[in-house]
Amino acid sequence: MSAPALETCGLHKSFGALTVANAVEFRLERGARHALIGPNGAGKTTFVNLVTGALRPGAGQIRLEGADITHLPQAARVKRGLVRTFQISALFRRLSVLENVTLAVCERKGRSGELLRPAGRHGAVIEEAFALLERLGLADEALSPVSTLAYGRQRLVEIAIALGLSPKVLLLDEPAAGVPAHESGTIIDVIEGLPPEIALLIIEHDMDLVFRLARQITVLVQGSVLVEGPPEAIAADARVRQVYLGERVSV
Amino acid sequence: MPGPGAVGVFARRHRYHPLEAVPWLVAVAGYFAFPSYLPLGAQILATILFALSADLVLGYAGIVTLGQAAFFGAGAYTAGLLAAHGWGEPISGLLSGAAAAALIGLLSGLVILRTTGLTLLMLTLVVASMLYEAVNKASWLTGGDDGLQGMQVWPIFGWFRFDLFGRTAYCYCLIMLCLCWFATRRLVHSPFGRSLVGIRENILRMHAIGAPVARRRLVVYTISAALAGASGALIAQTTGFVGLTFLGLDRSGTVLIMLIIGGVGRLYGAFIGVPLYMIAQDRFSTIDPVYWYFWIGLLMVLLVVFARGGVLGLAERLQSRLGPRR
């Protein structure tokens with residue numbers, strides 16, 4: 001009865017002669033903790049851009065909880081609960097942490113088009129945004145401009161904005177990218193503590209993080225799914241070893 | 001209602017600060033202190049409104065434009081044409097000017113706001129140039145190069161005549177500026193205004209949080225055009241003249257310079273930059289009629305080198321150096 005949270009069928013995209021997504025068949029179950037891994041240039045971020053609507057696929061279908069969203073604009077997908085974060089932080093750098101999250105919450109509640117009442121009077125919006133900051137341990141920095149935060153903290157704001165949109169499906173594009181090892185622990189804790197009903201897809205290079213968080217792993221190579229399975233099976237898979245180790249040795 | 005701590009501070013940001021009364025006190029004091037300068041004062045007040053319209057698109061929504069004069073001129077010509085053809089009632093003339101400018105803003109915005117950055121900058125320039133040439137060509141209606149002749153502006157409410165000393169003009173401009181400032185202030189503090197700042201700061205992320213970015217940009221572009229149109233109408237009505245310079249590139253460029261001197265994206269940059277520029281222009285051109293533009297240029301260079309973010313930016317830096325307020 002219940003369709004998967006997110007599903008792609010024969011998803012295809014090419015830039016000229018370069019095929020970056022080749023008939024990708026992918027299923028993200030409800031409440032999944034799923035990782036998408038693959039060597040550099042495998043098409044992981046392209047896949048995210050296709051699913052969220054930043055790019056138009058050449059062919060194929062994308063379904064969110066069974067509904068076809070292939071031709072919906074980006075904003076409409078967000079309204080349906082399909083939310084992403086960015087590999088390279090995409091924050092409102094000169095605005096405070098609280099304002100960053102408030103913008104998202106306000107947008108989700110459909111209040112951002114309002115012209116008359118000051119934003120400060122939308123108490124419920126601000127309270128909700130602040131509660132989110134408390135949950136992620138960002139409350140002390142609520143009024144600091146994002147640009148003054150340490151990079152690891154900025155990665156948390158990146159996640160906080162996404163959570164402000166109440167996602168059903170959350171695509172985390174390299175949540176720990178560029179974060180020093182001693183700070184990545186906080187990010188892993190936050191991701192582990194996310195509500196179980198959110199279906200998570202984590203795109204990541206950091207294998208420690210992947211094997212700690214993921215219950216299912218898909219390996220993408222040159223725009224195609226190479227193999228999919230639970231972490232133990234992926235770790236033991238000869239083809240995966242070859243792609244990862246082989247490439248590094250031969251190139 | 002707003003609680004203590006960060007939430008409270010955040011929820012009180014839109015409240016009035018005592019310093020916000022300063023421009024209005026200065027304007028009222030100026031009326032009594034410099035009775036012989038009221039015509040210049042009225043020009044300054046109307047131009048502040050023009051700079052405010054530019055701040056809304058540039059400073060808040062991050063839309064870089066060199067075509068703001070199109071809306072200024074559209075408002076001026078609309079009010080001027082009405083007054084020259086038998087309808088000199090100023091307030092309806094002003095509203096018509098604003099409406100005509102808004103319409104042009106909406107229609108041109110529908111086309112050009114699909115682009116961003118340099119392309120958009122060029123297109124705003126194109127819109128202004130096209131309007132300039134159209135008005136130039138339609139000389140049977142607009143007077144072309146000679147400007148629009150024969151405006152008859154009626155007394156406000158049938159009572160307050162526009163006098164030679166500029167008293168009525170000054171008060172009229174001050175009240176209109178105050179009303180428009182109040183509306184603009186509400187707008188920038190509204191959720192809509194905050195989302196404009198979001199668009200300025202990171203348009204990619206605004207898309208990703210599901211904001212209808214294109215619609216928001218179009219709405220603010222239209223509102224800004226209306227304000228610029230009101231400003232043009234004010235100047236047309238108070239000087240009794242409209243000419244092609246109202247639509248020129250000079251006008252679009254100068255208003256940006258004035259805004260940058262004051263400080264962009266802070267709502268009050270217009271209130272500082274415009275008087276500074278226009279008074280300096282008035283003084284320099286009296287002291288040194290030949291080279292006064294050089295002195296304006298020098299002032300600009302000094303401000304850009306030593307006061308990034310304009311006068312308000314400088315003030316903010318001084319304030320933070322003197323220690324936090326809280």
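This is a short tour of a predicted model, stop by stop.

Before you start, note that residues count from 1 along each chain as its sequence is written, while chains are lettered from A and ligands numbered from 1 in the order in which they are written. Because the model is predicted, local features need pLDDT of at least 70 and side-chain atom pairs count only at pLDDT 80 or more, whereas totals for chains, interfaces and linings use all residues.

**Stop 1: where the chains meet**

Show both chains. Here 35 residues of chain A are in contact with 30 residues of chain B. Contact means C-beta atoms, placed from the backbone, within 7 Å. Now select α2 (74-79), α3 (97-108) and α4 (123-135) of chain A; each gives at least two residues to the side that touches chain B. Helices (H or I, at least four residues) and strands (E, at least two) are DSSP runs, numbered from the N terminus. The largest share of that side, five residues, comes from α3(A). Colour the side of chain A that touches chain B by class: 20 residues are nonpolar, six polar and nine charged. Nonpolar covers Ala, Val, Leu, Ile, Met, Phe, Trp, Tyr, Cys and Pro; charged covers Asp, Glu, Lys and Arg; the others, Gly among them, are polar.

**Stop 2: the open sheet of chain A**

Select β2, β1, β4 and β5 of chain A. In that order, these four strands form an open sheet with antiparallel pairing. Strands pair if DSSP finds at least two bridges between them. Which strands stand at the edges? They are β2 (18-28) and β5 (67-68) of chain A, each with a single partner strand, so one side of each has no neighbour in the sheet. Zoom in on β4 (residues 59-64) of chain A, joined to β5(A) by two bridges. A:Arg63 stands opposite A:Asp68 in β5(A).

**Stop 3: strand β3 of chain A**

Select residues 33-37 of chain A. Five of the five residues of β3(A) are buried; that is, each has 20 or more other C-beta atoms within 10 Å of its own, against 12 or fewer for exposed and in between for partly exposed, with C-beta atoms placed from the backbone. A:Arg33, A:Ala35 and A:Ile37 lie on one side, A:His34 and A:Leu36 on the other.

**Stop 4: two helices of chain B**

Select α3 (residues 38-60) and α8 (residues 167-189) of chain B. Their axes come within 8 Å and cross at roughly 15°. Axes are lines fitted to C-alpha atoms over the stretch in contact, and angles run from 0 to 180 degrees between N-to-C directions. That makes α3(B) roughly parallel to α8(B), a term for angles under 35 degrees. Among the residues that meet are B:Leu45 and B:Leu49 in α3(B) and B:Leu177 and B:Trp181 in α8(B). By class, this contact has 18 nonpolar, two polar and one charged residues.

**Stop 5: loops of chain B**

Select B:Phe157, in the loop between α7 (139-142) and α8 of chain B. Its phi is positive, about 55°, although it is not a glycine. B:Phe157 is exposed, with 9 other C-beta atoms within 10 Å. Finish at B:Leu267, in the loop between α12 (249-262) and α13 (269-287) of chain B. Phi of B:Leu267 is also positive, near 70°. Is B:Leu267 buried or exposed? B:Leu267 counts as buried, with 21 C-beta neighbours inside 10 Å.

Technical notes. Contact = placed C-beta atoms within 7 Å. Parallel < 35°, antiparallel > 145°, perpendicular 65-115°, else oblique.
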